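Let's take a quick tour of some side-chain contacts. Have the sequence and the 3D view ready.

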Amino acid sequence: MALSSDEIERYARHLVLREVGGPGQARLKAGCVLVIGAGGLGAPLIQYLAAAGIGTIGIVDDDTVSLSNLQRQIIHGTPDIGRPKVESAAEAVARLNPHVRVTAHACRLTPENAPSLLEGYDLVADGSDNFSTRYAVSDACFAGKKPLVTAALGAFDGSLTTIRAHETGPGGEPNPTYRCLFPSPPPPGSVAPCAEAGVLGALAGVMGSLMAMEVIRALAGFGEPLVGRLLMVDARSMRFETLHYAWDPDNPLNGAGVRTGPEAAPAEQTPQPR
């Protein structure tokens with residue numbers, strides 16, 4: 001896709017990068033990314049994707065902006081309190097980069113609507129804040145053959161990985177699924193929600209920015225994605241560690257003897273939204 005003179009100036013610092021250049025920037029312009037959640041992770045993620053020139057950004061969120069969001073959800077402002085987050089985020093993208101198209105999905109992603117929401121997108125970035133959505137997204141990405149960048153936040157820690165379970169690794173073995181890493185969600189009540197446990201606002205910015213890096217690398221076609229690797233961030237000691245994980249032949253999606261394709265995702269094993 002050709003870049004206009006305005007885009008050439010706008011993306012000048014990308015264009016001089018050997019790893020991106022004109023071809024990489026054109027791939028970003030042609031890219032379509034679905035972002036799940038316009039909250040702590042989604043806020044910086046959406047802004048950096050827009051600044052990078054991703055052609056189309058879909059945003060899924062059914063919530064409205066509240067005052068307590070503004071400590072970390074920096075795509076929204078005080079005048080946006082009470083507004084749907086998808087609307088506030090879309091306006092912020094328009095102010096930042098008019099070359100980016102935003103598709104707002106003012107709904108909650110569920111196992112039932114996930115396939116239709118993912119349709120037409122090249123990649124999914126999940127910044128949701130609950131396990132039911134994470135499992136629904138990851139199962140739908142496997143069934144729809146979509147790469148998934150997924151992150152999570154704790155009070156002072158975060159994690160990030162990329163799932164490409166519809167593809168095989170260099171040795172011919174299937175890539176791991178989200179269920180290979182986390183076979184099942186923790187027991188209800190064992191993980192305190194953000195409203196109870198709290199979260200360091202700037203940590204959301206760090207993890208959302210790292211998500212954007214993964215997405216941009218995947219679309220522009222450079223670097224090594226976090227497939228089979230879980231990046232863990234400890235904000236107390238500013239320590240970054242990487243945990244390697246592998247395909248589990250017993251996982252219910254692409255395990256040994258399991259059929260692949262849309263029929264492989266076992267709906268009865270997918271946690272339902274709360």
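Are Tyr135 and Tyr178 buried or exposed? Both Tyr135 and Tyr178 are buried (buried means under 20% relative accessible area, exposed over 50%, partly exposed in between, with a 1.4 Å probe and protein chains only).

This is a predicted model, where local features need pLDDT of at least 70, side-chain atom pairs count only at pLDDT 80 or more, and totals for chains, interfaces and linings use all residues. Residues are numbered from 1 along each chain as its sequence is written, and side-chain values use heavy atoms, leaving out hydrogens and water.

**Aromatic rings**
- The whole structure has two aromatic pairs (rings of Phe, Tyr and Trp, the last by its six-membered ring, with centres within 6.5 Å; planes under 30 degrees apart are stacked, over 60 edge-to-face, the rest tilted).
- Tyr135 and Tyr178 pair edge-to-face, with 5.2 Å between centres and 80° between planes.
- Tyr178 also pairs with Phe182, this time tilted, at 5.4 Å and 55°.
- Together, ring pairs link Tyr135, Tyr178 and Phe182 into a cluster.
- Phe182 is partly exposed, at 33% relative accessible area.

**Salt bridges**
- A search of the whole structure turns up eleven salt bridges (a side-chain nitrogen of Lys or Arg within 4 Å of a carboxyl oxygen of Asp or Glu).
- Arg217 and Glu214 form one of them, their closest N and O atoms 2.2 Å apart.
- Glu214 counts as buried at 5% relative accessibility, and Arg217 is buried at 17%.
- Asp80 bridges to Arg83 at 2.9 Å between the closest N and O atoms.
- Salt bridges join Asp80, Arg83, Glu87 and Glu91 in a network.
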